[in-house]
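Q: Hi! Could you walk me through this one while I have it open on my screen?
A: Happy to, let's have a look together.

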Protein chains: 2
Amino acid sequence: MTRVVRTRAELREALAAAPRPIGFVPTMGWLHVGHRSLMQRARADNATSVVSIFVNPRQFGDPADLERYPRNEARDVEICGEEGVDLVFAPTVDEVYPPGFDTTVAVGAIAKPLEGAARPGHFDGVATVVAILFSLVDAERAYFGRKDYQQLLVIRQMARDLAIPTEVIGLPTVREADGLAVSSRNVHLSPAERAAAPVVHRSLMAAADAWRRGERSADALRRVTRDVLAAEPLAVPEYVSVADARTLHELETVDASALLSTAVRFGPTRLIDNEALE
Amino acid sequence: MTRVVRTRAELREALAAAPRPIGFVPTMGWLHVGHRSLMQRARADNATSVVSIFVNPRQFGDPADLERYPRNEARDVEICGEEGVDLVFAPTVDEVYPPGFDTTVAVGAIAKPLEGAARPGHFDGVATVVAILFSLVDAERAYFGRKDYQQLLVIRQMARDLAIPTEVIGLPTVREADGLAVSSRNVHLSPAERAAAPVVHRSLMAAADAWRRGERSADALRRVTRDVLAAEPLAVPEYVSVADARTLHELETVDASALLSTAVRFGPTRLIDNEALE
């Protein structure tokens, strides 16, 4: 039976009695099959599974983007129940950020390029809320999707640097049958945009194919991705990156393990995806 | 018997078996009677007492200041032994900040004036190292001297905001017989400077007396402090503040509880002190 708690005090009380280890899945709600895969792993690997549902205002630069972020807590709690999650933490903004809150956790170089450059302040908001949630839940393990690959690296760095004893685990991106990475934001796509959106994954796959056939020039791989995206009129690429998979520095030559990644706009909706070359 | 550990792993192992609650005194070493008072309280209130000795490079803006900060670990460990401290954590810089370390914990408004203005980056360094040490030690309580009053407020804000379950406790400033606040930096004073240094406390006492006699103008209280300091040729005031004791905003009128504080240079040595009006 899934229990829902809303305050730090209720959470602490619920966790005091919880069998160890604890597996934690932090989410912004609007749960989908990607989240389900994280919950399943949290449940399989731990004695207690905890999901947080919190649309974190500090990681949205654009108030309109925050406003339109989809929400349906009743359905989210139902999904957590279906997945056998033990505890759902669904706090208010004031419960996470009490009045007078004034602290920022900032990760350096790894948070600067790509999503960090496109969304100033975004990763400060992510690192700060995850530091708070990690303190509150005190889990042995926390699970994140690799779709948000840079976010995973930022959180891993933050947790390691601040000596937070929660292990940060990244799980594979879950995709629709046509390859589109599952994301809460997909709900905003019009039917035509939804039909066009698989081009994002296809563009990365094309570059990954070129790499497998021996292409090692990062510029050539970026061009392959951009060419596939350019063939779809509804797709407006924001960036196409071939970067070192650990540092996210852009590469000239792909000799070690690399990350292909892209952010593409479809109307007002911004989708991201990535593919590791290893 | 005081045990000394140097690595995160040794610390975790030593603390796993430690009776609760744990009382923690973070220090930069060169321990003095001020630290002893913190240790005594940590020991009295907790089943296990832990002292860290770590000169934190991130809180020094000036490399020369870091270089000349006094150190004597053997004597520090002896003092911890005399005070019955259970565990001393004396890590290397790499143990606190592993290679690739790249995270900053920054506190906002409370860290901006006074010491924050005089020493850019200082409180980021303090908040970051204390967040790490709090994670590592996971104490129920941590003890700090009120001599570093703004530091106490910064750490309290950081711990509250990041939901760190360590209670932050401030203890009264310990003074020499002539009123000089005990500080590791006092060792740098020449005999003439040492003879002059009690003027810092005297200047604050003069303003506190004026306040007790009914003076409520913050400017008048600042002037009383400055006049006393001006009478001592070796004292070079850096700032004289009459601020709200919770926000550290400078006051015009002292109607609620206020903090008198000052930073004064004696040659190359910078001393700070404060007095609460309540």
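Q: How do strand 5 of chain A and strand 5 of chain B pair, and over how many bridges?
A: This is a predicted model, and in it strand 5 of chain A (residues 103-107) runs antiparallel to strand 5 of chain B, with five bridges between them.

Q: Which residue is the bridge partner of Thr103(A)?
A: That would be Val107(B), in strand 5 of chain B.

Q: How many residues of each chain are in contact?
A: There are 21 from chain B in contact with 21 from chain A.

Q: Which elements of chain B supply at least two residues each to the side that touches chain A?
A: Strand 5 (103-107), helix 7 (122-137) and helix 8 (149-161) of chain B each do. Strand 5 of chain B has the largest share, with five residues.

Q: And how does that side of chain B divide into nonpolar, polar and charged?
A: It has 13 nonpolar residues, five polar and three charged.

Q: Switching topic: at what angle do helix 10 and helix 11 of chain A cross?
A: Roughly 150°, with the axes of helix 10 (residues 199-212) and helix 11 (residues 218-230) of chain A coming within 8 Å.

Q: Left-handed or right-handed?
A: The crossing of those two helices of chain A is right-handed.

Q: Nice. Which residues make the contact?
A: On helix 10 of chain A they include Val199(A), Leu204(A), Ala207(A) and Trp211(A), and on helix 11 of chain A Leu221(A), Val224(A) and Leu229(A) are among them. The residues of this helix 10 to helix 11 contact in chain A divide into 11 nonpolar, two polar and one charged.

Terms used. Residues are numbered from 1 along each chain as its sequence is written. Chains are lettered from A and ligands numbered from 1 in the order in which they are written. This is a predicted model: local features need pLDDT of at least 70, side-chain atom pairs count only at pLDDT 80 or more; totals for chains, interfaces and linings use all residues. Axes are lines fitted to C-alpha atoms, for helices over the stretch in contact, and angles run from 0 to 180 degrees between N-to-C directions. Helices (H or I, at least four residues) and strands (E, at least two) are DSSP runs, numbered from the N terminus. A crossing is left-handed if the near helix is turned anticlockwise from the far one by less than a right angle, and right-handed if clockwise. Two residues are in contact if their C-beta atoms, placed from the backbone, lie within 7 Å. Ala, Val, Leu, Ile, Met, Phe, Trp, Tyr, Cys and Pro count as nonpolar, Asp, Glu, Lys and Arg as charged, and the others, Gly among them, as polar. Two strands pair if DSSP finds at least two bridges between them.
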